Structures are given as C-alpha cells and as structure tokens.
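Reader: Please take a close look at one part of this model, the contact between the two chains. After that, go on to the sheet with its helices.

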Amino acid sequence: MPSVVEVENLVKDFRTFDRREGVWGAIQDLYSRQYRNFRAVDNVSFTIGQGEMVGYIGPNGAGKSTSIKMLTGILVPSSGRIVANGYCPWRERTRYTRTIGVVFGQRTQLWWDIGVVESFRLLQKIYEISQAEYDHRLAKFDEVLELKRYLHTPVRKLSLGERMRCDVAAALLHNPPLLFLDEPTIGLDIVAKESIRTFLKEVNREYGTTMLLTTHDLSDIEELCHRLMIIDHGKVLYDGGLPELKRMLWRESALKVDLRDRDQAALLAAFSMPGVAVERADELSYRLRFRREEVQPAELIRRIVNEVQVLDLTMEEQPIEEVVRRIYTGEALHDDAHASPEGARP
Amino acid sequence: MNFAGWTNFPALMEFGKIGFVNMLAFRLRYYTGILTYFINVTVYYFIWRAIYASDPGFADLSFEEMLTYVSVAWIIRSLYFNNIDVQISQEIIEGKITTALLKPIDLQAATLARVLGESIFRLVMLTIPSAFILFAVYRLRLPANLLAFAQFSLALLASILLVGAINFIVGGFAVKMKSILGLLRAKFYVMDLLSGLIVPISIFPAPFRELSEFLPFQHIVYTPLMLYLGKLSGTEAWTALGVTWVWVLALIVSGSIFWNSMTKHMTIHGG
C-alpha cells in the first residue's frame with residue numbers, strides 16, 4: 001500500500017502572552033510582556049496509506065485542528081516534516097491544494113455571498129475541470145446528497161445540513177486523491193449525518209480517496225474508519241484499529257439475564273463465580289458484571305444456563321463513548337505508557 | 001514571485017464577474033454615492049471661487065482648470081475606489097481567509113480581478129452618471145485632445161490597479177496585527193491627500209512635492225488629471241505614464257512577496 005501522507009516528528013508551538021490582571025497589569029503589559037510557549041502538537045508521526053479512512057479524535061484543544069491545518073498547508077509547523085501527495089504542504093501550497101479536498105465543519109469553504117452553483121462553477125474554473133466531468137460528477141453527487149434543491153441559494157441562506165452537503169460536494173468536485181475533514185458532522189441532524197457518511201463511503205470505495213477526519217461523534221468513526229488515532233495534549237496516544245482498542249480497554253462487560261419466575265430469581269441471587277458481581281436490575285432480571293481478563297463469557301453463560309432457568313440472555317457491550325471518555329479523562333491509555341500500533345494489537 | 005495561480009484566466013474572469021455582481025447588492029450605495037460626489041464638488045466650487053476671487057494667480061491652474069481638476073478627480077475616485085483592504089483584513093481576522101488559501105489560485109490575482117470587475121460596475125453605475133451631472137451643472141473642460149484622453153484612460157486603468165495593489169498590502173497587515181482599524185483609517189486619509197484628490201500636488205509646499213515624487217500615490221489622481229488637462233504632453237506625458245505603470249508592477253510584485261511571507265506567519269484560530 002503506497003503511503004499518501006507521511007508525518008514525521010511534527011511539532012507546533014504557539015507563543016501566547018499572559019495578560020497581567022487589573023489596570024496596573026495592563027500598563028505593565030505595554031512595556032514588558034510575559035510570553036509563554038504552548039505546544040499544540042508534540043512530536044507526532046504517522047503514515048497514511050492510499051485509500052485509508054482514518055479517524056483522528058481527541059478532546060477539545062488536543063491539537064486535532066492544528067494538525068489538520070498543518071496538513072493542509074495553511075499553518076507552518078515549528079519543526080518536523082510532512083509529505084502529502086508528494087508535496088510539502090506549506091512550501092508548495094498552490095500546487096498541493098490542487099490535489100486535496102478540505103472540509104471544515106465549522107467554517108464553509110464556499111464563497112459566502114454567491115449562490116452554490118456559482119461557487120461550483122468557480123471551482124470548476126479554478127481546478128480546470130472539463131464540462132463533461134463536471135456534469136457527470138455533479139449528477140453523481142446529487143444522487144446521494146440531493147444537491148439540486150438548493151443549488152441556486154446563496155450559501156449564507158442555507159441551513160447547516162444543506163451547507164455541509166454542499167461543502168463536501170465542493171471539496172470533491174475535482175476528485176482529489178486526498179480529503180481532509182475537520183468535524184464534518186458537527187451540529188447535523190441524523191439524516192444529514194447519514195447522508196454525508198454514505199456519500200464519503202461511496203467516494204472512498206469508488207475512487208479510492210484517502211480520508212483523514214476529525215470528529216467528536218464516535219459513530220462517524222465506527223461507520224467510516226478502519227483506523228483511528230487518538231491525540232491528547234498534542235501527543236498520539238493510540239494508533240490502530242477500533243476493535244483492537246475495544247479489546248484493549250473494555251475490561252468490563254455485563255450479561256443481562258431475564259428469568260422465568262421468582263424462584264429462579266432467588267437462585268440467581270445466590271449465584272457466585274470468581275470475578276463476577278451480581279446486581280439486581282428489576283424483579284425478574286439481573287445484571288452480571290465481569291472482568292474480561294478473568295472470566296470467559298462462554299463459560300459464564302454455560303454455568304448460568306446450568307443453574308437457573310433463563311428466559312433471555314443479553315450481552316451488554318460498553319458503548320464506545322465510555323471507552324473514549326476513559327481515555328480523555330486519563331483513566332486509560334495515559335498510564336499504559338504510549339500505546340503504539342504494536343502495543344495496541346494484543 | 002509565484003505565477004502558478006496567475007495563469008488561470010477563466011478562473012480570474014469568474015472572480016471579476018463576482019466583483020461585478022456583488023456590487024448589485026448595494027443599490028442604495030450608488031444613488032447616495034452620486035449625491036455625495038455632487039455635494040463634495042459643490043463645496044470645493046465655493047471654496048476655490050473664494051480663493052481665486054482674492055488671488056487669481058494663486059496656482060499654476062486657472063479657476064476653470066481647478067474646477068475641472070476637482071470635479072474630474074471626484075469623478076475618477078468613484079471609479080478607482082474599493083475597500084478590499086477592509087474586506088481582506090476582515091477575512092484574515094475572522095479566519096475566512098482559509099477559503100482562499102486552500103485553493104490553487106493566487107489570492108492577489110483573484111483580488112485584482114475582483115477589483116477590476118467591481119470597477120467596471122462602478123464605471124457604469126457611478127462614474128458615468130456623476131460625470132453627466134457634474135458636466136451639466138458646472139462649466140468643466142473636456143480633455144485637452146484625443147491623445148490626452150487616451151493617455152488619461154491608460155492612467156485610469158493604472159489608478160484602479162494601484163489602489164487595488166496598495167489596499168491588498170494594507171489589508172494583509174492584519175496577519176500581524178490584532179487590530180487593523182487604525183492602519184486602515186490612516187491609509188484612507190493619506191491616500192486621499194497624497195493622491196492629489198483634495199488639492200493638486202503642484203500647490204503642496206516644496207518638501208511635500210518632492211516626497212510625493214518618490215511615492216506611488218500621486219499617480220492615482222494627480223498624474224491622470226495632468227494628462228487630462230494637457231499639462232503633461234509629448235515625452236513628459238509618456239514618461240509619466242511609464243512611471244505610473246512601473247509603480248503598478250512594483251506594487252504587485254512586492255505585494256505578492258509580502259503576502260507569501262505573511263502566510264507563513266498566519267495563525268487561524270478556532271475550529
């Protein structure tokens with residue numbers, strides 16, 4: 001798999017100055033300022049192969065957007081190296097931008113004051129897309145994104161969902177081999193989200209477009225990405241697959257047991273097995289919590305079925321949000337040293 | 001200088017069209033604009049009449065020439081004026097500049113194309129109507145001769161580009177500054193004064209006049225007007241035109257270098 005993006009020891013420092021408090025502080029600030037270095041991206045390295053869809057997640061202020069800005073060439077790193085599509089993004093920006101598409105969820109890339117279709121035509125001219133190709137692609141995009149309805153509305157009058165669909169279409173009009181999406185589903189309703197996800201999947205399948213997306217909505221990752229990178233305080237904490245991450249961090253699972261009658265409930269209440277905690281959910285159902293490394297789910301189920309008459313069994317998976325919350329709050333990963341791709345795969 | 005973004009003429013044409021179409025949105029602005037120019041010229045008419053009444057040999061221009069100077073100066077101001085410095089600085093401060101930075105087109109080229117589109121609109125909706133009204137109300141001189149008018153037109157095209165190139169650079173300073181309002185204001189008044197819009201450069205005190213020789217501003221209004229009135233003719237006229245266009249090129253090239261170095265320092269905050 002040829003690599004499309006190579007990032008090596010990427011660092012971005014911002015210099016901010018601390019304002020002193022009060023009037024006297026403000027006067028002091030006029031003469032001498034106290035500067036402070038803030039490292040937004042700290043020694044990040046990774047490679048992305050052709051056709052990969054990579055999720056880039058992390059809490060607010062983790063350095064995601066800063067990374068994307070450097071990858072798209074609008075921000076110059078303090079040190080480190082990026083080669084994307086064979087270019088150095090900030091040094092060869094004009095040529096590089098021809099080969100990428102960019103979607104910022106919080107900020108449209110369309111021209112604010114003109115109609116969507118005028119924006120598209122302008123893009124057609126800028127990227128020198130032939131009329132046949134332009135028509136073909138627009139028709140294709142319309143199938144999934146249903147653009148035709150608001151093609152003639154000025155961008156400032158579109159709803160967020162409509163604007164995002166147009167933004168995504170605009171970013172892909174010139175069929176770039178590499179697409180960056182910074183929170184593409186932020187603030188969207190479920191229908192709009194679904195439509196954008198379907199569209200991205202289709203584009204990836206059909207054209208082999210490589211995509212890097214940041215998001216706070218983890219269902220984006222679950223639906224789209226085979227690989228995710230978790231970044232916090234400017235450092236990559238995890239780089240690997242989602243199933244591997246789950247296996248690594250889902251230390252606890254639960255089995256919900258529904259019972260036939262009260263006698264059975266009494267039996268189950270007395271059930272005991274090392275590493276399993278029995279909790280009563282309601283009158284006829286119990287939740288058995290167990291630690292993954294100690295208890296085999298199959299073994300647990302076999303013993304339950306042997307000892308009690310069961311109506312229904314449900315394995316309750318911890319939601320991905322819970323796993324990620326634990327990473328962000330520092331309960332997981334931070335103390336496991338830095339989980340490299342190797343470390344992530346058990 | 002990077003020409004990669006300059007050669008895509010169909011895209012630049014499109015930017016020109018946007019500049020033109022966007023002006024349509026401000027219909028009230030050009031009705032009030034025509035009125036403003038008329039009032040301005042009227043005020044100057046009375047001031048200059050009073051000055052010439054007390055001292056007819058006051059300047060190297062006769063009263064009639066002075067009145068023509070002031071009127072035509074305001075008429076062409078309606079053509080060369082633009083506020084892309086305000087627009088660009090706002091886009092930088094609000095971070096909307098990413099739209100432009102992420103496209104394989106030179107922002108300066110696209111901006112100048114927009115400026116030209118806007119000026120074509122201004123020519124039709126502001127400049128020509130103002131000219132009709134002012135020429136009807138006051139006794140103004142027509143261009144000295146046909147050649148003078150042709151040279152005046154070439155100088156006007158240069159004025160549009162000069163103002164565009166200067167405003168592009170001034171707007172770009174927003175990258176380095178937290179607040180750019182002061183700089184924008186200062187430029188606004190300096191340009192009106194040093195271009196010769198308010199008074200002809202020839203009646204400035206000598207040091208000012210000499211300083212002005214080394215600055216591009218006088219070629220925005222003063223040089224075109226001297227060509228119009230036939231005060232510059234023959235080789236003098238062609239030299240003045242040549243100097244004007246050298247300034248246009250110099251400002252575009254330095255603007256391009258300036259902008260490329262500015263983008264290296266850009267910080268776009270937030271999402």
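Author: In this predicted model, chain A puts 25 residues into the contact and chain B puts in 21 residues. On chain A, the elements that give two or more residues to the side touching chain B are α2 (64-72), α3 (93-97), β5 (100-104) and α4 (116-126). Of these, α4(A) gives the most, with four residues. Sorted by class, the side of chain A that touches chain B holds ten nonpolar, six polar and nine charged residues.

The sheet of interest in chain A is open and has four strands, in the order β11-β12-β10-β13, with antiparallel pairing. β11 (276-282) and β13 (310-316) of chain A are the edge strands; each has a single partner, so one side of each is left without a neighbour in the sheet. From one strand to the next, the twist averages 25°.

The partner of β11(A) is β12 (residues 285-291) of chain A; the two run antiparallel and are joined by six bridges. Within this pairing, A:Ala277 has A:Arg289 of β12(A) as its bridge partner.

Two helices of chain A accompany these strands. Helix α11 (residues 297-307) packs on the sheet and touches β10, β11, β12 and β13 of chain A. The direction of α11(A) makes about 165° with that of β13(A). Helix α10 (residues 262-269) of chain A lies across β10 (252-259), β11 and β12 of chain A, and runs at about 155° to β10(A).

Note on methods: Residues are numbered from 1 along each chain as its sequence is written. Chains are lettered from A and ligands numbered from 1 in the order in which they are written. This is a predicted model: local features need pLDDT of at least 70, side-chain atom pairs count only at pLDDT 80 or more; totals for chains, interfaces and linings use all residues. Two strands pair if DSSP finds at least two bridges between them. Axes are lines fitted to C-alpha atoms, for helices over the stretch in contact, and angles run from 0 to 180 degrees between N-to-C directions. Two residues are in contact if their C-beta atoms, placed from the backbone, lie within 7 Å. Ala, Val, Leu, Ile, Met, Phe, Trp, Tyr, Cys and Pro count as nonpolar, Asp, Glu, Lys and Arg as charged, and the others, Gly among them, as polar.
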